Amino acid sequence: MSTLKRLLGKVGSVLFAAAVLAGPSGVAGGLELVDPSGSKPGGGQRTILPGGCVVVPPKDGRPEGQCPLEHTDVRVEVSGFVARVTLTQRFGNPYSEPIEAVYTFPMSDRAAVDTMLMKVGNRVIRGNIKEREEAQKIYQQARDAGKTASLLDQERPNIFTQSVANILPRENIEITISYVEYLKYEEGEYEFSFPMVVGPRYIPGSTDSTRPAHVDGGLGNKAGPESTDQVPDAGRVNAPITPEGTRAGHDISLSVKVDAGLPLQEIHSELHEVDVQTNGSVATVSLKNNKEIPNRDFILKYKVAGQNIGDAVLTHAGAKGGFFSVVLHPPARVTAQQATPKEMIFIIDCSGSMSGFPIETAKATMKRCIEGMNPNDTFNLVTFAGGLGYCFNKVVPNRPENVKKALEYLSNLEGGGGTEMMPAINTALGGPHDPERLRVVCMMTDAYIGNDMEILDAIQKNAKDTRVFSFGIGNSVNRFLIDGMARAGRGEAEVVSLESDGDAAATRFHERIQSPVLTDISIDFGGLNVSEVFPDPALIPDLFSAKPVILTGRYAGSGSGTITVRGETAEGAFERRIDVNLPASEPEHDVLAPLWARKRIDWLMEQDWLGIQRGNANKDVKGDITKLGLEFGLMTQYTSFVAVEEKVVTEGGKPKTVEVPVEMPDGVSYEGIFGKEAEMLAAAGQPVMLGITAAGAAPMSAPPMPQLRQKSVNRAARVQLESLSDESAPAPATPAPAEPAPMPTPVNAPSKTEGDARSSKLDSRLVGLAAKVVNGSYSQGNVKVVNNQIKVTVFLTDFSEAAIKAVKDAGAQVVAERRSGKALLVTVRVEDLEKLAAIAAVKHIEPAGA
């Protein structure tokens, strides 16, 4: 097993020392920057970002990378339950010779991706859908022949790779991608979400040097972790992360037009500041900052006038046949008079990516879940990172002394280490079950792992009567796995962002498991000539939330009839009838065809999760998915979009490949991902970075590595530190000095009435804390002092670099940034709390996890 494998899985790329990368011109791989006039920039060494991008002088106090991806623009049109999303990526070339740009990015895991366009100058080339291996061959041949080409691959249902070859210096190429998806609707509220960054995936398993680096036609032109037996495409699911203290250099704008059909109410964005313009049933929502940093999901929620939305039937009949979608709204929730006894297994992810704000949010939410148990429940609390931890050696009764012990155990948890989720899944689903109780698994995680399909396979095969309720914790979680775990475990999923109400999420969890909305659901189509309906009408999972059942299927010919829905509520039997007309011809609602195909592809993947994960999918499953992708023009695991401009623009030689770095997800700690060695590198002026390779060439090899303990999650950074002591290495690159952005008032100026103002900024639990500390320690609820230091959340009036610097200058060590809430998670000496409170830009200080 490679000593680098654990960390490489998290950072998504091979790590190199700057001394190895910085060539004579200060730019990796011999590439040189050019300015708009075409001249070469001045001499001197430059810091190289992951992927070979170069750090340029700061514009607003933080250095940015000058990289191929310049901007992404997202336009969304919502009509009823369906959203059409169109994103345009603008690539440029800041270097002096042609390049190939490679960008790993997310889209919705529910997306039916049906369009890719490439614009070169005034020419627009429509991408063609091909079998993945064929598309990659076409792209490689065009790239090597010096033609402009683009390729879009799917690595997971929510992870994609865009490759653009032969971008000429100072030239722009635009890639437009479009998809359709169903919106989420629950408890009277619609939700549209758009992911902006791929979180760092942990790669479990053992390496095998005899196995190909990439399976099923991988291009092999991405730096990344070694393939393992569990994740053979490890290098394809991770993106290089820009070093701490820098920005990736690309930004995003987004606008949503909502046509709800009914007057809109309570429209709001959860993680971004937005401008909203409404006119009855129509609203336009756009980011206030049209150059937003893409480091967190965009989440838009809204309600419409009226207590209930009626059932709906949509049809489309065209060249490919007839398609329908039925939206069945559930009955009102009825509270059960007597709660079913349950065996509760609470599982919390304590890996490095959860370090910082996510683990604090998870602990607070889990606390409410534990406290909300019924008196006759039993429970245990399990943790996982590189290994497993147990609060009790077996499930215990819900008694005050057991709950107290569990909450004490919970309060001491910190994030660190790998994300070995499979042992936790086996523990949750295996072992003896109490025959008198329903086992319910409550799992909290960001789901940043590379073997996500293997996890779904294990739950699907072993859940049996267990119900799995998954909580995605963070501002950019892996929704594919979060939603998939709940679906495979016949439970419910919920995403708890760092700005959402964890208490409310815990309340919904207990409401769901105590009083399901509808159980034992069956759907009778009454003789209508329908086929291939998804989900299977005979296997509809119980409804734990007041959300609709959306059925999509095919039909032949025409006909009319009645669909009957049956089930059980706490009050007894439930039945509803819906009249349906299936026309022989219906040109409207043509998106129903790709949406149906997307559902069938999802179902096919569920038949062989493990084979698809390992790169040896069942032949029939792979064949059927490929056929659907080609027939309906859809992106799948086995079909890709490719576009080629026939004009040769590069004569001789292959373009240099530059991977586009991405931001660290909002709220996630660099130390949690990279370890403390990364901070030491930064202090030495050496950011963690990646190599730049010629197209098709193997990645540069890392420096020789000493034997390190396998369980260390920061071994790669340590290797990099050791390499810096090599006397033969060139001098480290010197980043340009950062000028702090001006502030309306000095951020470190004392308040007008210092004593009262400082106390008012401090949470009441922090006022006078220094007097309570004994021998450097104190513990009461969320207030924990160890070695005279405390972890607190600092809320700022603005999130400028000057404000953050003032916090650091006051003696605080920043653990994680939360741009969505203008907050910092910091560790600070108790005696420095007053210094923090004296900063004008500080709004409020409270204990971490409060």
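Of the 850 residues of the protein, 60% count as buried in this predicted model. The secondary structure comes to 18 helices and 41 strands. Contacts that reach along the chain are also worth a look: among those between residues at least 6 apart in sequence, 76% join residues at least 24 apart.

The structure holds 18 aromatic pairs. One of them brings together Phe 323 and Trp 596, whose ring centres lie 5.7 Å from each other with 55° between the planes, a tilted arrangement. Because Phe 323 belongs to strand β20 (residues 321-328) and Trp 596 to helix α10 (residues 592-606), this pair ties together parts of the protein that are 273 residues apart in sequence. Phe 323 and Trp 596 are both buried.

Another arginine deserves a moment of attention. Arg 132 is found in helix α3, which spans residues 132-144. With a relative accessibility of 5%, Arg 132 falls under the 20% cut-off and therefore counts as buried. Between Arg 132 and Asp 153 there are 7.5 Å in space, C-alpha to C-alpha, and the two are 21 residues apart in sequence.

Helix packing is illustrated by α6 (residues 421-429) and α7 (residues 452-462). The axes of α6 and α7 are 10 Å apart and meet at an angle of about 10°. This angle is under 35 degrees, so α6 runs roughly parallel to α7. On the α6 side, the contact is made by Met 421, Met 422, Ile 425 and Leu 429. Helix α7 contributes Glu 454, Ile 455, Ala 458, Ile 459 and Asn 462. By type, the residues of this contact between α6 and α7 divide into 7 nonpolar, 1 polar and 1 charged.

How values were computed. Residues are numbered from 1 along each chain as its sequence is written. This is a predicted model: local features need pLDDT of at least 70, side-chain atom pairs count only at pLDDT 80 or more; totals for chains, interfaces and linings use all residues. Side-chain values use heavy atoms; hydrogens and water are left out. Rings of Phe, Tyr and Trp (its six-membered ring) pair if their centres lie within 6.5 Å; planes under 30 degrees apart count as stacked, over 60 as edge-to-face and the rest as tilted. Helices (H or I, at least four residues) and strands (E, at least two) are DSSP runs, numbered from the N terminus. Buried means under 20% relative accessible area, exposed over 50%, partly exposed in between (1.4 Å probe, protein chains only). Axes are lines fitted to C-alpha atoms, for helices over the stretch in contact, and angles run from 0 to 180 degrees between N-to-C directions. Angles under 35 degrees count as roughly parallel, over 145 as roughly antiparallel, 65 to 115 as roughly perpendicular and the rest as oblique. Contact means heavy atoms within 4.5 Å. Ala, Val, Leu, Ile, Met, Phe, Trp, Tyr, Cys and Pro count as nonpolar, Asp, Glu, Lys and Arg as charged, and the others, Gly among them, as polar.
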